[in-house]
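Please look over the sequence and the structure shown here.

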Amino acid sequence: MGPHAQEAPVDEGAIKSHLEELTAAQLPNSAIYNFLLSGVQIRSASQGSMTARLKLTRNHINSAGGIHGAASAAIVDWAGGMAIATWDLRRKTGVSVDIHVTYLSSAAEGDEIEIAGTADKVGGSLAFTRVVISKVVDGEAGPIIANGSHTKFVKQR
């Protein structure tokens, strides 16, 4: 292949399986991910993007009864890494350089949320991702709860 040739796309089923395996390996080794994401289900994945669903429990809720901002930020962190992993089936998704979360609405205990992560660019040193967290209404992604952007240092050592 020439320097600008694209690699053949990876099968979407293989990408989804990779994310499921990666999540299963991460949860026991990360107290915060295990606490917040033990019920997460990967719904779909393709190169550069993924979607997951999660039913909110008391672990995700603040004192006012809505999804906690720190829980949303941790979800953005996780989903950004998962989006990077879809790029080339890597297991190491880097370390956070920058994370921003904008809160638009809320969700309560018992609500289901959809998490959509996109890797806009995965370079040799940095990766740039976007994450949208939405409340699921009638089985579909509905009102946006939070938008996030996440930059990670991904250079392999």
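H3 lies across S1, S2, S3, strand S4 (112-122), S5 and S6, and runs at about 50° to S4. Axes here are lines fitted to C-alpha atoms, for helices over the stretch in contact, and angles run from 0 to 180 degrees between N-to-C directions. Helices (H or I, at least four residues) and strands (E, at least two) are DSSP runs, numbered from the N terminus. This is a predicted model, in which local features need pLDDT of at least 70 and side-chain atom pairs count only at pLDDT 80 or more, while totals for chains, interfaces and linings use all residues. Residues are numbered from 1 along each chain as its sequence is written, and side-chain values use heavy atoms, with hydrogens and water left out.

**Sheet**
- Six strands form an open sheet in the order S1-S2-S4-S5-S6-S3, with antiparallel pairing (two strands pair if DSSP finds at least two bridges between them).
- Strand S1 (41-46) and strand S3 (95-103) stand at the edges with a single partner strand each, so one side of each has no neighbour in the sheet.
- The twist averages 20° from one strand to the next.
- S5 and strand S6 (residues 140-153) run antiparallel and are joined by eleven bridges.

**Phe128**
- Phe128 is in strand S5 (residues 126-137), and its bridge partner in S6 is Thr151.

**Gly66**
- Gly66 sits in the loop between strand S2 (49-55) and helix H3 (69-88).
- Gly66 is buried, at 9% relative accessible area (buried means under 20%, exposed over 50%, partly exposed in between, with a 1.4 Å probe and protein chains only).
- Gly66 and Ala108 are 42 residues apart in sequence, and their C-alpha atoms are 4.8 Å apart.

Technical notes:
Contact means heavy atoms within 4.5 Å.
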